[in-house]
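Please keep the sequence and the structure in view while reading.

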Amino acid sequence: MKHKSLDLVCFGRSSVDLYGQQVGGRLENMGSFAKYVGGSPANTAIGTARLGLKSGMITRVGDEHMGRFIRETMQAEGVDVQGIKTDPERLSALVILGIQDEGQFPLIFYREDCADMALCEADIDEDLIASSRALLLSGTHLSTPTVAAASRKAIALAKKNDTKVVLDIDYRPNLWGLAGHGDGESRFIADANVSQHVQSFLPDIDLIVGTEEEFHIAAGCEDSLEALAIVRAMSMATLVCKRGEQGCRVFEGDIKGWLSGSEGPGFKVEVYNVLGAGDAFMSGLLRGWLGGEDWPTSCAYANACGAFAVSRHGCAPAVPSWQELEYFLEHGSEHHALRFDPVLNHIHRTTNRRKQHERLVAFAIDHRHQFTSWAQAAGKTPAHIDQFKQLAVQAAVQEAGQDSGFGMLVDDRTGRSALHQITSTKAWVGRPIESSGVFPLRLEAEGDIVQHLFDWPLNQTVKVLCPYRLDDDAATRQHHEELMIRLDQACRFTGHQWLLEIITARDDNSPAFEQVAPIMQYFYKLGVKPDWWKLEPALDPAYWRQVGEVIDAHDSHCQGIIVLGLNGTIEGISEAFYAASKQPWVKGFAIGRTLFAEAAQGWLQGHLDDAQAIKLMATNYRLIIAAWDNAQAQK
């Protein structure tokens, strides 16, 4: 028998959800939309991956931007994507949806001849299904001859290879051609042909999950207990009936009334958004079932995941991580509306990051004040600065573009072309939000921070250099503290990661290293929790131990610390690397002037051509990366 390397393979619907960001009105009155992966099986693949299962996906996506978004998002979430086929002829499915009020959630399916509905028998890989402990099917992919045939083949291969088969009835009348384009919200229309067709699949299923209305369509009967009994007569599968506020019931044997089923604890929360709640429920249920838990425990996981989903915006993005679910089951929440719980939100945000970096070797070219001075002295224009920064990107990519920890810090004011260039790659990208060379700190864009960040791609990490000391006057400290609080809140809202760079050095004086750990601790007490810290290069291992202890005490989900250079020599920075190497929170560096200062001034003054400038920067970058790797090897 083939080794079961996957816990679950999800089969069928995948789409891009365009979710209205305005709540409390019709789709006609919504003006902006958030973009998420959607489609019930795709949501469940992501949800189960977040909960610690090894999940895969079988679907088709278009050979276009949205198709790549689906694939890349699922891969970043930890889903095995080898079963995702690219359709050269069809577009990825789209769904436009919103939250109108507590009972109305309008949506429009754009699925005519979409890629995932072209899944066919030839797309079904026996090795992939054989490698999984369970196969999840969606009712939507029983609705046309082509996808029904593909589903039958997938079931047959699952049976052949001892893979359990799960059916999410997932009934959408609109997707069976029973409702019009404007009726995507419809959840039930009785239809004898649909019932008869679904029933032909039931004998081969091991676990069937649906709402009462979905069991009605499966049975062709609108009395819930009778419908469950009809399904039981056709299938020995375990039946899980979702009952909204009443939780769920699990029936392993005969249907003898609601109390004959198992149940788990329910959770009283605000119903903010029902869309995607069933997929979150399924994710939690499968985490328990495939994890060997009993049904009451599995139902508790499912109900809790559903509670998170109904309290948040979006479908797949609302599903909790395993750490978040564990915390909630142990501690609960004081908030009826879970989306307002700051502790849960922090765990959710930080444990569901697209990438957790264990190594970051960043070339920092975000300096503005220095470049402007050098250009003016050489009689050059801002356009020359932007041109040089593009050379820096070439040098950096040349030396580290294939390094999994490759990153760059680039600004938008003097390096816009370089910033756009590197943002379109897979590199880690940091972008400064502060004005350069200004004290007290001021942001480049005046006004609302959230409004400013809406223009930033989500793969850009917001970097802020904060010149903060404990011996600053009270007004200066308060100004910087309030700005960091606002920035932290803004990044939580927009979904950007952010990096807080603490600079204690002033006027070319040595940094006040002894203040850094207390400063970090003080910011944490203010509720400021950056994803990254960027700190001055101390040579004392005790300094690095102290800053690590602060993170240990306040944010176990921090991405880590990166070391800055302060225009030091390669030798001096190498010593700092060695001192920092024994601190697990230190994940790398972001070095700037040490790498480019000589090349920049020489190029601006006409002493170096493009190739020479690139070579000089690439050489320095390679030496710094080698210094970091050597320090790591000696820890």
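Axes are lines fitted to C-alpha atoms, for helices over the stretch in contact, and angles between N-to-C directions run from 0 to 180 degrees. The model to which this is applied here is a predicted one.

Consider helix H10 (residues 322-331) and helix H11 (residues 342-351), whose axes come within 8 Å and cross at roughly 160°. Angles over 145 degrees count as roughly antiparallel, and H10 and H11 are therefore roughly antiparallel to each other. Their crossing is right-handed. On the H10 side the residues that meet the partner helix are Gln-323, Glu-324, Tyr-327 and Phe-328, while H11 contributes Val-343, Leu-344, Ile-347, His-348 and Thr-351. By class, this contact of H10 with H11 comprises five nonpolar, three polar and one charged residues.

A second pair is formed by helix H1 (residues 40-50) and helix H8 (residues 277-290), which pack at an angle of about 45° with their axes 8 Å apart. H1 and H8 are therefore oblique to each other. The crossing of H1 and H8 is again described as right-handed. Ser-40, Asn-43, Thr-44, Gly-47 and Thr-48 of H1 make the contact with Asp-279, Met-282, Ser-283 and Leu-286 of H8. The residues of this contact divide into two nonpolar, six polar and one charged.

The description now turns to a sheet. Eight strands form an open sheet of mixed pairing, in the order E5-E4-E1-E8-E9-E10-E11-E12. Strand E5 (84-87) and strand E12 (248-251) stand at the edges with a single partner strand each, so one side of each is left without a neighbour in the sheet. From one strand to the next, the twist averages 15°. Within the sheet, strand E10 (residues 207-211) and strand E11 (residues 238-242) run parallel and are joined by five bridges; Ile-208 stands opposite Leu-239 in E11.

Helix H2 (residues 65-76) touches strand E4 (55-62) and E5, and the direction of H2 makes about 170° with that of E4. Helix H4 (residues 145-160) touches strand E1 (8-11), strand E8 (134-138) and strand E9 (164-168), and its direction makes about 160° with that of E8.

Finally, the chain as a whole contains 21 helices and 20 strands. Its radius of gyration is 27 Å, close to the 26 Å that the globule rule gives for 635 residues, so the chain is as compact as a globular protein of that length. Taken along the principal axes, the C-alpha atoms fill a box of roughly 85 × 55 × 50 Å.

Terms used. Residues are numbered from 1 along each chain as its sequence is written. This is a predicted model: local features need pLDDT of at least 70, side-chain atom pairs count only at pLDDT 80 or more; totals for chains, interfaces and linings use all residues. Side-chain values use heavy atoms; hydrogens and water are left out. Helices (H or I, at least four residues) and strands (E, at least two) are DSSP runs, numbered from the N terminus. Angles under 35 degrees count as roughly parallel, over 145 as roughly antiparallel, 65 to 115 as roughly perpendicular and the rest as oblique. A crossing is left-handed if the near helix is turned anticlockwise from the far one by less than a right angle, and right-handed if clockwise. Contact means heavy atoms within 4.5 Å. Ala, Val, Leu, Ile, Met, Phe, Trp, Tyr, Cys and Pro count as nonpolar, Asp, Glu, Lys and Arg as charged, and the others, Gly among them, as polar. Two strands pair if DSSP finds at least two bridges between them. The radius of gyration is taken over C-alpha atoms; the globule rule is 2.2 Å times the number of residues to the power 0.38.
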